[in-house]
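Thanks for coming. I will go through one structure, starting with the overall picture and ending with a few single residues.

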Amino acid sequence: MIGATLGEVEAAASLFKTGSAINRLNATGRLDDVPPILSDLLRLAGHVHRATGGRFDPTVQPLWRALAEGRDTRHARGTIGWERVRPGPPTRLDKGQALTFNGIAQGCAADQLA
């Protein structure tokens with residue numbers, strides 16, 4: 001059960017797993033077949049975004065990538081904005097946006113296991 005639950009979270013939210021739901025969403029800007037765990041993460045992210053006055057924002061992925069690759073961050077900064085994410089289904093991102101749930105996916109997995 002533990003392995004299956006962790007596998008489900010990884011298949012939905014891992015940026016390191018080729019073919020994960022979040023990677024497919026980030027690549028195309030749209031995801032029609034949103035796994036339940038990803039729907040849960042989208043709802044949770046929206047709640048935490050509101051509760052923190054926008055300080056928590058999963059749309060920072062392009063900024064993290066630009067920083068990691070040593071690129072200019074001006075364009076990436078312009079893609080940040082949770083309010084432009086449409087959770088769906090289908091889930092849609094605004095042009096140039098990409099998500100990361102690294103800040104909450106592990107906690108969500110722990111909640112699922114509990």
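Let me begin with the contacts. Counting those in the protein with a separation of 6 or more, 55% are between residues 24 or more positions apart. Keep in mind that this is a predicted model.

Now the layout. The protein has six helices and two strands. Read from the N terminus, the order is α-α-β-α-α-α-β-α. The protein has 114 residues, and 41% of them count as buried. Its accessible surface comes to about 6600 Å², with carbon and sulfur atoms holding 56% of that.

Next, the core. How many residues does the largest nonpolar core have? It has 23, and L38, L42, L99 and F101 are those with the most contacts inside it. Two or more residues each come from α1 (2-13), α2 (21-28), α3 and α6 (105-113). Helix α3 gives the largest share, five residues.

That brings me to α3 itself, residues 36-51. With 16 residues at 1.5 Å a residue, this helix should span 22 Å, and its end C-alpha atoms are 22 Å apart, so the two values agree. The buried residues of α3 are I37, L38, L41, L42, A45, G46 and H49. Just after the helix, G53 takes a positive phi of about 65°.

G46, in helix α3, has a relative accessible area of 4%, and because the cut-off for buried is under 20%, G46 counts as buried. Between the C-alpha atoms of G46 and V85 there are 9.5 Å in space, while the two are 39 residues apart in sequence.

V85 comes up again with L99. Leaving aside neighbours within four places in sequence, what is L99 in contact with? The list is L15, I22, L25, N26, L42, P58, T59, Q61, W82, V85 and L93. L42 in that list is, like L99 itself, among the residues with the most contacts inside the core.

Last, a loop residue. T73 sits in the loop between α4 (61-68) and α5 (74-79). Is T73 buried or exposed? Its relative accessibility is 13%, so T73 counts as buried. Not counting residues up to four places away in sequence, T73 touches L63, A66 and L67.

That is what I had. I can take questions now.

How values were computed: Residues numbered from 1 in each chain as written. Predicted model: local features only at pLDDT ≥ 70, side-chain atom pairs only at ≥ 80, totals over all residues. Heavy atoms only, no water. Buried < 20%, exposed > 50% of the residue type's maximum accessible area, 1.4 Å probe, protein only. Contact = heavy atoms within 4.5 Å. Areas by Shrake-Rupley, 256 points an atom, 1.4 Å probe, with all protein chains shown as cover. Expected span 1.5 Å × (residues − 1). Core = buried A, V, L, I, M, F, W, Y, C linked by side-chain atoms within 4.5 Å.
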